[in-house]
Structures are given as structure tokens and as C-alpha cells.
Amino acid sequence: MNSSRTGLRRAALAVLSAALVATAAGTAQAHPGKVGPGKGHHHGKGHPKPAASLRDLADRRHVLIGTAVDTTALAEDGAYRAATAREFSSVTAENVMKWEVVEPERGRYDWSAADELVRFARAHGQQVRGHTLLWHNQLPAWLTEGVADGSIDAKELRKILREHITAEVKHFKGKIYQWDVVNEVFEEDGSLRDSIWLQQLGPSYIADAFRWAHRADPGAKLFMNDYNVEGVNAKSTAYYELAKKLRAQGVPVQGMGVQAHLDIQYGFPTDLAANLARFDRLGLRTAITEADVRMFTPSDPAKLARQASDYRGLLAACLATKGCTSFTVWGFTDKYSWVPGTFEGEGEANILDADFRHKPAYEALREELAKRH
Ligand code: G3I
């Protein structure tokens, strides 16, 4: 392993490792037998040794392994909670750090669900990825309606955005290791997305967002994040050029997040490692932030094998990139997934099935993490 990659990760992991040892045991006790170790490795007569979890293996590779967390499931489903604690060293709020949740009425903040997740993470020795400060989706109605009816003009909107970013980043100061500052700001052809942000504020809103976030928590690493930017294409190149330009201007853009929502009906993006490498050479960290691999259901062994191979390929590309310090799946069980609600006829996109059984994709991640390097 490249030494600067090791150095980068060592700092974060040193903090984690003591807590990991303590909580791994605690978790197993709190939920005995709920989440089995899968194919247990038997060492000697009658003494099955639990297989190492993803986070145990990732720890040895100096990479964080994360999941998006559905906080309703976390509160209500013990098996979900146990698996979240056991398998992952990083968590991302699937929804509860988004604007519509944290500021449902203008000036009234509600951090309760997000705080709960941060507490869970701390109790289980996990890091937290922040998602997301600026997006065109899941905005509160008071904001979108105010812009639409003209009661919020451009000057006011810029102030609202500054206050939102400042309040949220300050609230979680010191608790978030990476923030998705801007999410999905480019179209597929590499032009800036025609969102209310671009329409009202012009392209400078992106640099502003990074500057405001950095001022509020200089310790958090600030990311751009998008889908369909796995390979080298017009969209990922637009991010690359933007990062180059902003960094030359001293704007604190520090990372590129590749969501990696894949679908087995398409080819695997074989140039992912090459794409990550060019951001790496620019001095940015990289991360796989929302990995899942969907398929038309029901699954069959061939589809599950292809899914496993895609997950493995995503992880391998991250592990091959020195600044790729976290690999996050967008949910880990088919019991809770955004996919069936969005893509008709598709689903089964996660690494555990709806009964929390390990799918081939789970084993593929384990194998990849366990490889000698
Ligand atoms: O909170 C309401 C609840 O009160 C209501 O009863 C229920 C009825 O439908 O809806 C709930 O809100 C849903 C929310 O998830 C929380 O469950 C929204 O309808 C639903 O649209 C929303 O979907 C989320 C989606 O972002 C919104 O665009 C998904 O869970 C979430 O996985 C998804 O995540 C995005 C990333 O943030 C960015 N990248 C793509 C990724 C997948 O779309």
C-alpha cells in the first residue's frame, strides 16, 4: 500500500480502533444470534469462530466501510440496528440531514433524527459522513414555494443558503469527517444543472457553498457528489474541470464522491479506477458514497453473481486509489431500499437480502477486503 494513503487513514483509524474492539463485543452481546456471522469458520471441535465483519476487514485495509442509514428502521428494527453496528465503520444519513428534514419551517431547525444517528455512531465507534448541504431535491416547501411566488428573491435566497450551510455544519462541527457540500449539480452533458440555485444565484453558488462550509467546520473534508460519474465521461470531466478551477482559486473543494448506483443491465464502468486516479492526482480525496447494484426482480444465481462482481469492482477501484478513504453502500439490506419505489420492476440491490442473509455480493466485499495487498 502506498505510504501516504496509509498515513492519511491512520489518523482516523487510530481514533476508531480502541472503540471498535470494545463495541464489537458489546454489539454481539446486545443482540445475541440476531445477525449470524454467515458461514462461520470452524476452528477446532465445536468452537465456531465468527467470521470477521466487513468493518473488521476494512479496518485492516485502512479504509472506512459505510452504509446509508434509514433512521426509522434503526429505531424500530433490532436486526437492522445490530447489523449496522456490526458491519460498518461509517454511517451516512439516508434522509435526515437533508434540508426538508432539518429546517421544515424557516428558522426552525430540527436536528433530532440526525442527532440520534450521530449518537448511535459515537456509541458504536463509527464515523459520520454528512449528506447533503445543497441539493435540488428534498428542499422544504417554504423555500421552493417562496422562490416560485417571488417572495424570496435572489439576494434573500443567497442569504438563506448561507445561513442553512452555516447552521448545519456548525451544529455537527467536529462530528462529520466528510460533507457532501454540493450534490448532483451537473447534467449528463457536463452543463450545470438547471436548478433554482443556478437560476437564481448563477454558477458562483458552488464556490460560495464550499467557502461557507469550510468556515463553519475547517476540519471536515468537503466533497462534490453525483451519480453517473463512475467512468470518465462528460459529467465526471465537468467535475474534474470544476475542481481544478476552484482549487486554483483557493476554494476549499477537497473531495469527489462517486455515488455508484449501478444496474446489472448495463456494463460495469471499467474506467472507474482511472477516473478516481485523475481526481487523486489533483489532490482530492475520493469516495464511493452510495453504492448499490439493482436488477430486474426476481433475482437468480447468474444475476446475483453479476451483482457481486460489480460490488467487488467498485470496492477494488477504491482500494486501488490512495485517496479513496471510504466506501459506502446506500443501505445494506433489501428489506429497506429506495430502488423498488423508483425503478419499476427492479430491486434486490443490496448486499444482504430482506432477511439479513448474506448475498454473494456481501461475500465478494469480504473477499476483496481480505485480500493480501
Ligand atoms: O418522510 C416522508 C413520510 O413522512 C411519508 O409518509 C412518506 C410517504 O411516501 O414519504 C417520506 O418521505 C420519503 C423519504 O424518502 C423518506 O423515506 C420520500 O417520499 C422519498 O422520496 C424519499 O426518497 C429518498 C430520495 O433520496 C429522495 O430523492 C430516498 O429515501 C433516498 O434513498 C434517496 O437518496 C438519494 C441521495 O440522497 C442522493 N443520490 C441518489 C439517492 C437515491 O435516490
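User: Why is I65 called buried?

Analyst: I65 has a relative accessible area of 1%. Buried means under 20%, exposed means over 50%, and partly exposed lies in between (1.4 Å probe, protein chains only). The value of 1% is under 20%, so I65 counts as buried.

User: What kind of model is this, and how are residues numbered?

Analyst: It is a predicted model: local features need pLDDT of at least 70, side-chain atom pairs count only at pLDDT 80 or more, and totals for chains, interfaces and linings use all residues. Residues are numbered from 1 along each chain as its sequence is written, and side-chain values use heavy atoms, leaving out hydrogens and water.

User: Where does I65 lie, and what is it in contact with?

Analyst: I65 lies in strand β3, residues 64-69. Strands are DSSP runs of E with at least two residues; helices are runs of H or I with at least four; both are numbered from the N terminus. Contact means heavy atoms within 4.5 Å. Beyond its neighbours within four places in sequence, I65 is in contact with L54, R55, A58, E87, F88, S89, S90, F327 and L369. F88 is 23 residues away along the chain, yet the two C-alpha atoms are separated by 5.4 Å.

User: What makes C318 and C324 a disulfide?

Analyst: Their sulfur atoms are 2.1 Å apart. A disulfide is a pair of cysteine sulfur atoms within 2.5 Å, so the pair qualifies. A search of the whole structure finds 1 disulfide. Both C318 and C324 are buried.

User: What is the handedness of that disulfide, and how do you know?

Analyst: The torsion about the S-S bond of C318 and C324 is about -100°, so the disulfide is left-handed.

User: Which residues of α13 and α15 make the contact?

Analyst: From α13 come L304, Q307, A308, Y311, R312, L315, A316 and L319; from α15 come P360, A361, A364, L365, E367, E368 and L369. By class, the contact has 11 nonpolar, 1 polar and 3 charged residues. Ala, Val, Leu, Ile, Met, Phe, Trp, Tyr, Cys and Pro count as nonpolar, Asp, Glu, Lys and Arg as charged, and the others, Gly among them, as polar.

User: What makes α15 mostly covered?

Analyst: In α15, 8 of its 11 residues are buried. Among them are A364, L365, E368 and L369.

User: How do α12 and α13 lie to each other?

Analyst: The axes of helix α12 (residues 272-281) and α13 come within 9 Å and cross at roughly 30°. α12 and α13 are therefore roughly parallel. L272, A273 and L276 in α12 meet G313, L314, A317 and C318 in α13.

User: How do you know whether E230 is buried or exposed?

Analyst: E230 has 6% relative accessibility, so it counts as buried. E230 is found in the loop between β7 (221-226) and α11 (234-248). Leaving out residues up to four places away in sequence, its contacts include H261, P269 and L272.

Terms used: Axes are lines fitted to C-alpha atoms, for helices over the stretch in contact, and angles run from 0 to 180 degrees between N-to-C directions. Angles under 35 degrees count as roughly parallel, over 145 as roughly antiparallel, 65 to 115 as roughly perpendicular and the rest as oblique.
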